[in-house]
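Here are a few friendly comments to read with the structure open beside you. They begin with confidence and then move to the core and the aromatic rings.

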Amino acid sequence: PDHKKRFRCPRMALNGSTVVLERPDSFKPHMDVFKDNKSFKIILDAPGVKEDSITLKRQGHTTVIKGKREAPFQRKTGNQVLEKQERLYGDFSVSIDVPSTYLKRWSHCKIAHGVLEVEFLADCDEAELPVEG
């Protein structure tokens, strides 16, 4: 029945330090996370996602990436009806825990050719200073 489609609850996928809220029939971006002693980098596939639909927020050590992938067509246009759909569209939200050894503010964020890159630099201590007396 139609009411089941309208009242679907989002499900969660847990993967280490990542939480993805998703609907079973909604777009879910794939991502890779890299870290070393200099930086923490998130690379997220976002084909068809417009730059102005993406938001990033920081909540403590968690970075939340939200966006929306719009369908490039209408489900029904005049007499034409969508016969088959394999590509997924809709809202997505991804939460990634960034270790405390990295700065809270990202140093680099860009989207190009359907790929979003977000980078955090390592939080370095001040160099030791001699005490003058």
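**Notes on the model**

1. This is a predicted model, so a word on confidence comes first. Within the chain, strand S4 (residues 39–45) has the highest confidence, with a mean of 96, while helix H1 (residues 2–6) has the lowest, at 44. The pLDDT stays below 50 over residues 1–15, a stretch with 15 contacts in the model beyond near neighbours in sequence. Where pLDDT is low, the predicted coordinates should not be read in detail. For the chain, the average is 80, and 77% of the residues score at least 70.

2. Now to the core. The largest nonpolar core has 19 residues; those touching the most other members are Phe40, Ile42, Leu44, Ile65, Phe92, Val118 and Phe120. S4, strand S9 (90–97) and strand S11 (115–121) each give two or more residues to this core. Ile65 is worth a click: its contacts include Ile42, Leu44, Phe92 and Leu116.

3. There are five aromatic pairs in the structure. Phe73 is partly exposed, at 28% relative accessibility, whereas Tyr89 is buried at 12%.

4. Trp106 and Phe120 also pair edge-to-face, at 6.3 Å centre to centre and 85° between the planes. Trp106 sits in the loop between S9 and strand S10 (108–112), and Phe120 in strand S11. Trp106 counts as buried at 18% relative accessibility, and Phe120 is buried at 0%.

5. Finally, ring pairs join Trp106 and Phe120 with Phe40 and Tyr102 in a cluster. Arg105 lies over the face of Trp106, 4.5 Å from the ring centre.

Notes: Residues numbered from 1 in each chain as written. Predicted model: local features only at pLDDT ≥ 70, side-chain atom pairs only at ≥ 80, totals over all residues. Heavy atoms only, no water. pLDDT = per-residue confidence, 0-100. Helix = DSSP H or I, 4+ residues; strand = E, 2+ residues; numbered from the N terminus. Contact = heavy atoms within 4.5 Å. Core = buried A, V, L, I, M, F, W, Y, C linked by side-chain atoms within 4.5 Å. Buried < 20%, exposed > 50% of the residue type's maximum accessible area, 1.4 Å probe, protein only. Phe/Tyr/Trp six-rings, centres within 6.5 Å; stacked < 30°, edge-to-face > 60°. Lys NZ or Arg CZ within 6 Å of the ring centre and 35° of its normal. Lists of a residue's contacts leave out its neighbours within four places in sequence.
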